[in-house]
2 protein chains.
Amino acid sequence: MNPDIRKERENATFNTDALTHILDGSPEKTRRRREIETLVIKDPDFQHEDLNFMSRSERYDAAVKKSAQMILKMREYGIADPEEIYSYKNCVQRGRTEPLDLHLGMFLPTLLNQATPEQQDAFFTPAWNLKIIGTYAQTEMGHGTHIRGLETTATYDPSTQEFVLNSPTVTSIKWWPGGLGKTSNHAVVLAQLHTQGNCHGLHAFLVPIRDMSNHQPLPGVVVGDIGPKFGFDEVDNGFLKLENVRIPRDYMLMKYAKVEPDGTYRKPPSDKLTYGTMVFIRSMIVGESARALSKACTIAIRYSAVRHQSELRAGEPEPQILDYQTQQHKLFPLLATAYAFHFLGQFMSQTYHRITGDINQGDFSELPELHALSAGLKAFTTWAANGGIEVCRMACGGHGYSRCSSLPDIYVTFTPTCTYEGENTVMMLQTARYLVKSYTQASKGQKVSGMVSYLNELQQRIQAQPVSSRPTVVDINDLTSLVEAYKLRAARLVELAAKNLQAELQRRLSKEDAWNQTSIDLVRASHAHCHYVVVKMFVAKLGEVADVGVHSVLSTLALLYALDGIAQHTGDFLLAGLLSMPQVSQISQRTKELLAQLRTNAVALVDAFDYRDEMLNSSLGRYDGNVYEHMFEWAKKSPLNRTEVHESYYKYLKPLQSKL
Amino acid sequence: MNPDIRKERENATFNTDALTHILDGSPEKTRRRREIETLVIKDPDFQHEDLNFMSRSERYDAAVKKSAQMILKMREYGIADPEEIYSYKNCVQRGRTEPLDLHLGMFLPTLLNQATPEQQDAFFTPAWNLKIIGTYAQTEMGHGTHIRGLETTATYDPSTQEFVLNSPTVTSIKWWPGGLGKTSNHAVVLAQLHTQGNCHGLHAFLVPIRDMSNHQPLPGVVVGDIGPKFGFDEVDNGFLKLENVRIPRDYMLMKYAKVEPDGTYRKPPSDKLTYGTMVFIRSMIVGESARALSKACTIAIRYSAVRHQSELRAGEPEPQILDYQTQQHKLFPLLATAYAFHFLGQFMSQTYHRITGDINQGDFSELPELHALSAGLKAFTTWAANGGIEVCRMACGGHGYSRCSSLPDIYVTFTPTCTYEGENTVMMLQTARYLVKSYTQASKGQKVSGMVSYLNELQQRIQAQPVSSRPTVVDINDLTSLVEAYKLRAARLVELAAKNLQAELQRRLSKEDAWNQTSIDLVRASHAHCHYVVVKMFVAKLGEVADVGVHSVLSTLALLYALDGIAQHTGDFLLAGLLSMPQVSQISQRTKELLAQLRTNAVALVDAFDYRDEMLNSSLGRYDGNVYEHMFEWAKKSPLNRTEVHESYYKYLKPLQSKL
C-alpha cells in the first residue's frame, strides 16, 4: 500500500466500519451487500475487457451478454428481494444502465400494474421468460416532460376490433426509450386513444415491434438506435415510427380504462394511479445523487492524498495536494454534501414507505407533500451532485480527464438525472406550486403541516422590520440554530415569490403569465426550501448516531455543509436579517478551521462509503493508492497500442514525407 | 426554413452582419474568414463520416489523414499569415485538437526559439517537411503545473560526448504530450541536466524516439498512447519512458544554456525567456472561452426558438421554450458572457501585441501585469465557459445529451483548458500574488498602474465605516457606475485577503503556511479582480460601436452581464456597502425586464457569431431550424443500425430465451 494513504488511515479518529454500517442501515446489511459483491466480482462470467477500450457496438454486445447472464444467475441463486436485486444488479453493471433495464424496471411492472388478469395470463409469463422483451415508449422526438403533448395515435377500428397505431409527424416518432433500438421485440406505447370520433387522451398499448421468431422489425414498424450519446454507450436508446400498425383490441392495457368491442370508451376510476411510481423513482434519484457524488469524492480525495505537487516551503518535498486549503475547499464541502444526500436518501426512502403504508390504509393526506418534496429534492440533489462530480474531476488535474480515472464515466452516466424523470427546472416549479399554495393557506390562517409548517409562523416571525432592529438569530457554531436560519431564509424567499406573483397578478397579467414572470423567484424559493430540508435531515440524523467518534466527525461535516451553504448564499441570509456583517467573516474563518479539522479524517470518510476497487474502476481512486503503476498498466492495454506502428503511418505520414 | 426561427430573424432590431464585422474586427476580415471557410467546406478531401460513428482508432486515422492533407494544401495555397493559418486550421479541424498540432504549434516554434543556428540548419528543414515529426514532452505522470518537480534526467557523458536520458521512476514517465503516442518520431524532452556531478535544472533536449525509416520505437524507448480520455479522441496523447537513451551532445537545444564538450555548463543569460509564450497562450485561451461558449449558446438558443414544450395557457399550443423566463435566465446571461469574453479576448490580443512591441523596444514594465492578468483571466473565463456549456446542454433537455447536438463534444474538447497551460486555481493564486504585491506597494504610498490602479484609491475610498453612513454609489442602470461598483468590490476583497494574510503572519505562521491558510480569500480576490476587468472591457468596447442598433443591443447585454454578476455575488456587494437592500430587489426586477428585452434579439445575437452549420455540426443548432428531420437522418446512420438485427441477438438473447 502507498505509505501516504496508509498514514491517512492510521490517523483517522473514528471507526470506519461503524460509519459504513450507518450508511448501509445495519451491520447485517453491510455484511450481505459485501457478500453479494464478492459473488459478482469473483464470477468469471462477469469479467470482460475494460469498456473504455471497446467500440460502442462491442459495448452494447458485452452489456447484452452480461444482462443475459445476470438474469439466469439471479434466478439460479434465488435473489428475489428488491433490495438484493438492486445490490446484485448494481454490482454487475457497476452503476451503468444496460439494454434490459427497461424490460425489468418498467415493462414488467407496467404489465403487473396496468394489464387485466387475462392480459397478465397471456403476456406476463412470456415476458418473465424473455420471449417477450419489452420497453416503455413514452417520450417522442418533439415531446418530453409535458406528456399531454404526445402525438402518437391509436385509433380504434371496430370493423376488425383492432387499434391502428400511427406516428403522424416527425416530432411524434418515439425517441429515447432504452432497449428500444435493437433489444426489444415489444413496446408499451403511450398514445392518444381515438374511438368513435373522440380523443380520450393518453393510454398504454402493447405493441409487437419485432418478429418473435427472427427479431426482424414487423411491417409498418421503423425502429432503430438513436445514435451515440454523451454516455449510456451500452444502451440502445431507440426510435420507433409506427405506420398503420394494427394490434388486437385486447393489446390495450385495460386494467383501468377500457374500449368495448363496439368502440365504446370506459373511463378509468382515477387518473392519479401512476402518481406513486413517479414519486418513488424521484425519491430513489436522491440516493443516486449521493452515490454518484460519493464515488467521485472517493476518487478525488484518495488521489489527493497520494499526489504530491508544487511546494509549500521552498526546498522541502512536494506536499500532498490534500494539504492545500484550496483543494480542501473544493472537496470537503462536496464530501459533506455526499453525506447529507445519503442521509436524505434514507429519509426519502423511509418516508415513501411510510406514506405508501398510509395510502394502503386509505390515507392520502401526505401524498401531495411527498410529491412536492420528491420533485424539488430530485432537482436539488442532482444539480448539486452533477456540478460536484466535475469539481472532483478537475481537482484531479489532467489525470481526471483520462478515462482511467472513471470520473468522466461517473459524470456522463449521472448527468441525465438532471433531465429525465422530470426536467429539473420543471421539478423546482412543481415544488414551488406546492409552496405557494401552502403559503396562501397559511396566510389565511389555515394550518399547514409537514416540512412547510414553518409557513404557519410566518406572520409572527418575518415582519418587515429594518435590519438593524431585528435580532440576529444565528449562532454559527450551533446546528439547531443553523437549521432555524435555513428555515427562515426559505420562509422569506417563499414569501417573496408569493408576493411577486401577487404583484404580477395585480398588473392584470393572466395567472399563467404571472406565474411565468415570477418563475425565477419561484425556483429560488424551491431551492431554499430544499436546502433547508437537506440541512434539517442531516442534523436530525446526528441524533441517531450513538458512536462517539462517528458522531463527532459527522457533526463537523454537517457544520461545514451548513456554513458553506450560507457562504454561497450570503446575500439571502443578510437580506433576511439572519446574519450580521461581522458574522460573515466569522463563517469564513470557521470554515477554514473545519477544513483543517476534516483533513485528518478525509480518507477514512471516503473509505466508509466502502466502494471496492472493482466497483470504482478508477486508477486514481484505488484503495491501495498505487495510482501511477496502475495507470501505466492500463494505458498499455489501449487499443492504439495493439501495434507499435499505427496503420495511418503507412497510409498518410510516409506518403506525406515523400511529397514535401 | 422553420417558420419559428424565420420569425425570430424578422423581428431582430439590429443588423446581424454589422455585429459580425465587429466580432471579426472588420468587414474585410469577415469576408476573408468566410472565403477560407468556403474553401475548406467545399474541399472533397476534408469530407468524412461523422466522427461520432467511428472507433477511436478510426478517429485517429481520419485526423492524421486530414492533418496531412491540410499541410499540403496550406503550402499549395500559400496560406502563411498566422491569423489565416489559424482560420484555415480551425475550419479543417472544426475546433478539435489533432495529432500534428504539437508539431506545428510547439515543436517547430521551440526549434526556432531555442536551437542554435547550426541546430536549425540540421533540424528545421526536415521538421518543416515532416521527415522529423516532433512533440513537446514536458509533463510527467507524477508532475504537472510545478515544473521544477520533473524527474527525467539527462546526464552528460564526456567520454562519448553524449547525454544519457532516463526515466528513473514510474512517476517520471512523460505523460500527456499530444502526438507523442503514435505520430511523432522525435520529441523535445524537458529533463534535469546533470553534468560534472551537478544538477543544473530543467533543459530541453531533442530526442529521436522512432526510427525515421520505419517508425519503430528506438532501443531504450518505451512509447505509446495513454488510452482513451473524456474527449480528444483524435489525439494520441502519449507516454514516453527513456531507458539509457543516448543522444549526441549537440541534441541539447543550446541557444541559451550550453554544455561544452568537456561537460562544462554555461548558464543562460536570463531565465525568463519563455515567459512570453506562456502569456500568449493564456491570452489566446480567453478567446477560446468566448468561442466555445458562443457555440454552445448558438445551439441552445436556436433550439429553444424551435422547440415547443408544455403549456403556458391551458388549451393554447405549446409555446417556444425560449418564452419561459427560466430558460431566458439560463441562456441570456451566458450569451452576454460569450460577448463579454469575446471583447475581452480582443483586448488581450491587442494588449499582448502592444506589450510585445514594447518589449522589443526594451521596455518590460508592463509584462508583470500582463502575466498576472492573463493567468487570472484564463482561469476566470475557462471556468465560466466550462460551466456555461453544460448549462446550455442541459437547457436542451434530453436531446442535448445526444452526440447529434454537438454539445457533449464542445464540452469535452473545451474542459481541459481549465487544467492545461496552468491549473486554474494555481493561476488565480498567481494573479493574487500580483494583487497582494500591488496592494502592499499602494498601501506604502507607491503608485501602482494599469488595471490595479484602483488600489491607489483604497486609502480614501474604502474606510471601515458603518454601512448606514456610507453613501450607496451604484446606479443600477448606469454601466459606468456598475464598473465602479465592481472595482470597489475587487478593492475590498483584495484588501481583505491582504489583511487576512497579514493576520496569519502575525500568528507566527511561516510565509508559505500563511499564504496557504489565506488561499481561499486570495482566489476570491483574484476572481473579483478579473470580474471587474471583464465588465470594464465590455463597457469600454461599447464606446467603439458606432452602429446605433448594435450599440443598443450590446448595451443591454452588458447591463445584463453586470447585474447578473451582482445577483450571483450579492453578499460581496452588500458587505462592501455598494448596494442597499432595496436595490437587490430592483436588480432582480430589472434583470427580468432585460431578459424580456433580449428575447426579441436572442436568435439574431447568436446568428452574429456566424458559425456555419458545417462548423457547429449540430442537429439542434442548425441555421434553418429543421432540427427533428435532421436528427432522424443522423440517427439512421448510427453504426448500430447497419444491420436490422444486432449479432448479440443470436449470441445471447435467443439462447437465453431457450434456457428460461
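**Notes on the two-chain model**

1. Let's start with one residue. Leaving out residues up to four places away in sequence, Lys258(A) touches Met252(A), Thr264(A), Tyr265(A) and Arg266(A), where contact means heavy atoms within 4.5 Å. Before going on, a word on the ground rules: this is a predicted model, in which local features need pLDDT of at least 70, side-chain atom pairs count only at pLDDT 80 or more, and totals for chains, interfaces and linings use all residues. Residues are numbered from 1 along each chain as its sequence is written, chains are lettered from A and ligands numbered from 1 in the order in which they are written, and side-chain values use heavy atoms, with hydrogens and water left out.

2. Back to Lys258(A), which is found in strand 10 (residues 258-259) of chain A. Helices (H or I, at least four residues) and strands (E, at least two) are DSSP runs, numbered from the N terminus. A polar atom of the Lys258(A) side chain lies 3.2 Å from the backbone oxygen of Met254(A).

3. Now for the contact between the chains. It takes 137 residues from chain A and 137 residues from chain B. About 11500 Å² is buried between the two, 61% of it on carbon and sulfur atoms. Buried area here is the accessible area (1.4 Å probe) that two parts lose on being put together, summed over both.

4. What holds charges across the interface? The rule finds 6 salt bridges between chain B and chain A, each being a side-chain nitrogen of Lys or Arg within 4 Å of a carboxyl oxygen of Asp or Glu. Asp521(A) forms a salt bridge with Lys592(B), with the closest N and O atoms 2.4 Å apart. Helix 23 (residues 647-659) of chain B gives the most to the side of chain B that touches chain A, namely 11 residues.

5. How are the two copies related? Chain B superposes on chain A by a rotation of 180 degrees with 0.0 Å of shift along its axis (RMSD 0.0 Å). That is the relation of a two-fold axis. The same surface serves both copies, as 100% of the contact residues of chain B recur in chain A. Of the residues of chain B, Gly571(B) comes closest to the axis, at 2.0 Å (C-alpha).

6. Beyond four places in sequence, Gln320(B) is in contact with residues including Asp4(B), Glu8(B) and Arg599(B).

7. Most residues other than glycine have a negative phi. Phi of Arg94(A) is near 50 degrees, a positive value, and Arg94(A) sits in the loop between helix 5 (82-93) and helix 6 (101-114) of chain A. Asn244(B) has a positive phi of about 55 degrees although it is not a glycine. The place of Asn244(B) is the loop between strand 8 (238-242) and strand 9 (245-248) of chain B, and Asn244(B) is exposed, with a relative accessible area of 54%.

Note on methods. Polar contact = N/O pair within 3.5 Å; in protein donor to acceptor, adjacent residues only side chain to side chain. Least-squares fit on C-alpha atoms with pLDDT ≥ 70 in both. Buried < 20%, exposed > 50% of the residue type's maximum accessible area, 1.4 Å probe, protein only.
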